[in-house]
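Please read them with the structure open.

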Amino acid sequence: MSFLIILFILVMQFMAVYMDKILGKGLGISILFKMIGFAGGKLAISAMPVAVLAGALISFGSFGEHYELAAIKSSGISLLKAMRSSIILGVFLVVGSIVLSHNIVPLSNLKFYSLYYDISRKK
C-alpha cells in the first residue's frame, strides 16, 4: 500500500511539470491515463526503495513498540533469523527492480516522451 501511495505522489509531482503543455488541448481521459501510466512505469524504480523502507519501519517499529522483538530475542531467536523473510523479500525486490529498470523503464520513457511530443505539437 505504501508503494502505491508513494508512486501516486511521485507521478503527480512529475505530471505537474508537464501540465502546462497538456491542459487545454481537448484530450480524452484515456490519453491522460495512458500518460500517467507511462510516467508510473518510469517512476516505479524511485518509489520502490522508499516504499520498502517505509514498510520495514512500520512493521519493525510496531514489533518494537509492542515488545515483540524483545520476546523474540528472549526466546533465543537471533535478530538475523527473525529478519530472514524480510531480507529474502528485499533480495527478490532488488532482482525485480533490476529487471524493471532494464526492460520496462526504457520502453516507458520512449512511450511517455513520444506521447508528450505528440500532445505538445497538437494545437
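1. Helices here are DSSP runs of H or I with at least four residues, numbered from the N terminus. The model is a predicted one. On that numbering, helix α2 is followed by Tyr67, which has a positive phi, near 60°.

2. Helix α2 covers residues 29–65, which is 37 residues. Its end C-alpha atoms are only 45 Å apart, whereas a straight helix would reach 54 Å at 1.5 Å a residue.

3. Helix α1 (residues 2–22) and helix α5 (residues 84–121) have axes that come within 10 Å and cross at roughly 30°. Angles under 35 degrees count as roughly parallel, and α1 and α5 are therefore roughly parallel to each other.

4. Which residues make the contact between α1 and α5? From α1 they are Phe14, Met15, Tyr18, Lys21 and Ile22, and these meet Phe112, Tyr113, Tyr116, Ile119 and Ser120 in α5. By class, the residues of this contact are eight nonpolar, one polar and one charged.

5. Leu110 also lies in helix α5. Is Leu110 buried or exposed? Its relative accessibility is 56%, so Leu110 counts as exposed. Leu110 and Gly28 are 82 residues apart along the chain, and 21 Å separates their C-alpha atoms.

Technical notes. Residues are numbered from 1 along each chain as its sequence is written. This is a predicted model: local features need pLDDT of at least 70, side-chain atom pairs count only at pLDDT 80 or more; totals for chains, interfaces and linings use all residues. Side-chain values use heavy atoms; hydrogens and water are left out. Axes are lines fitted to C-alpha atoms, for helices over the stretch in contact, and angles run from 0 to 180 degrees between N-to-C directions. Helices (H or I, at least four residues) and strands (E, at least two) are DSSP runs, numbered from the N terminus. Angles under 35 degrees count as roughly parallel, over 145 as roughly antiparallel, 65 to 115 as roughly perpendicular and the rest as oblique. Contact means heavy atoms within 4.5 Å. Ala, Val, Leu, Ile, Met, Phe, Trp, Tyr, Cys and Pro count as nonpolar, Asp, Glu, Lys and Arg as charged, and the others, Gly among them, as polar. The expected span of a helix is 1.5 Å times one less than its number of residues. Buried means under 20% relative accessible area, exposed over 50%, partly exposed in between (1.4 Å probe, protein chains only).
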